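My notes are below, in the order I looked things up.

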Amino acid sequence: MPLMVVGQKEVIIHVNTDSYPGETKWTLYKDVYLGDTLAYVPYGHYTQSNTMHSDTVYIPDSVTNISWVIFDQYGDGITNGSYYVSICGDTIVNYPVSTF
């Protein structure tokens, strides 16, 4: 029987890393950028280059607005990488070819 989480929304962050995966981090904020942090992964979290990674987090059902920000430590972006974010199975952010 599958695990059911009552009163929470499932958020899946998919990041396809570039050749320097340790330079990537992201933060999921409640409401606005620099609001309360709901979840994050730090620099160095990803260790496999050119690989799709999926991180699943659960946020309270009462949260209706979020901001998701991805960072590149070196500043050159995710070259040939991609990312997308889904909440309860609906994709809300989709960059199949990164542009930052």
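**Ground rules**

I am working with a predicted model, in which local features need pLDDT of at least 70, side-chain atom pairs count only at pLDDT 80 or more, and totals for chains, interfaces and linings use all residues. Numbering starts from 1 along each chain as its sequence is written, and side-chain values use heavy atoms, with hydrogens and water left out.

My strands are DSSP runs (E, at least two residues; helices would be H or I, at least four), numbered from the N terminus. I call two strands paired if DSSP finds at least two bridges between them.

**Entry 1: the four-stranded sheet**

I first traced the open sheet of four strands, and the order reads S4-S1-S6-S7 with antiparallel pairing. Its edge strands are S4 (52-60) and S7 (90-95), each pairing on one side only. From one strand to the next I get an average twist of 15°. For such angles, axes are lines fitted to C-alpha atoms (for helices over the stretch in contact), and the angles run from 0 to 180 degrees between N-to-C directions.

Next I followed S6 (residues 82-87) through its partners. Strand S1 (residues 8-16) is joined to S6 by six bridges, and the two run antiparallel. Asn16 sits opposite Ser82 of S6. On to S7: S6 and S7 pair in the antiparallel sense over five bridges.

The hairpin of S6 and S7 has two residues between the strands, and Cys88 takes a positive phi near 50° in it.

Buried here means under 20% relative accessible area, exposed means over 50%, and partly exposed is in between (1.4 Å probe, protein chains only).

**Entry 2: the three-stranded sheet**

The other open sheet I traced has three strands in the order S3-S2-S5, again with antiparallel pairing. S3 (37-41) and S5 stand at the edges with a single partner strand each, so one side of each has no neighbour in the sheet. The twist averages 10° from one strand to the next.

How many bridges join S2 (residues 24-30) to S5? I get seven, with the strands running antiparallel. Trp26 is opposite Ile70 of S5, and Thr27 is opposite Val69. A reminder to myself: side chains in a regular strand alternate between the two faces of the sheet.

S5 (residues 66-72) is mostly covered, with five of its seven residues buried.

**Entry 3: Val85**

Val85 belongs to strand S6. Why do I list Val85 as buried? Because its relative accessibility is 1%. Leaving out residues up to four places away in sequence, Val85 touches Val11, Ile12, Ile13, Trp68, Asp90, Thr91, Ile92 and Val93. I also checked Pro96, which is 11 residues from Val85 in sequence and 11 Å away in space, C-alpha to C-alpha.

**Entry 4: His53**

His53 is in strand S4, and its relative accessibility of 13% is why I count it as buried. I looked for polar contacts: pairs of N or O atoms within 3.5 Å where, within protein, one must be able to donate a hydrogen and the other to accept it, and residues adjacent in sequence count only if both atoms are side-chain atoms. The His53 side chain reaches the backbone oxygen of Gln48 at 3.2 Å. A polar atom of that side chain also lies 3.5 Å from the backbone oxygen of Thr51. Beyond four places in sequence, His53 touches Ile13, His14, Val15, Thr17, Tyr46 and Gln48.

**Entry 5: Pro21**

Where is Pro21? I find Pro21 in the loop between S1 and S2. Pro21 counts as buried because its relative accessibility is 8%. Not counting residues up to four places away in sequence, Pro21 touches Tyr46, Thr47, Gln48 and Ser49. Last one: Pro21 and Tyr43 are 22 residues apart along the chain, with 8.5 Å between their C-alpha atoms.

Key. Contact means heavy atoms within 4.5 Å.
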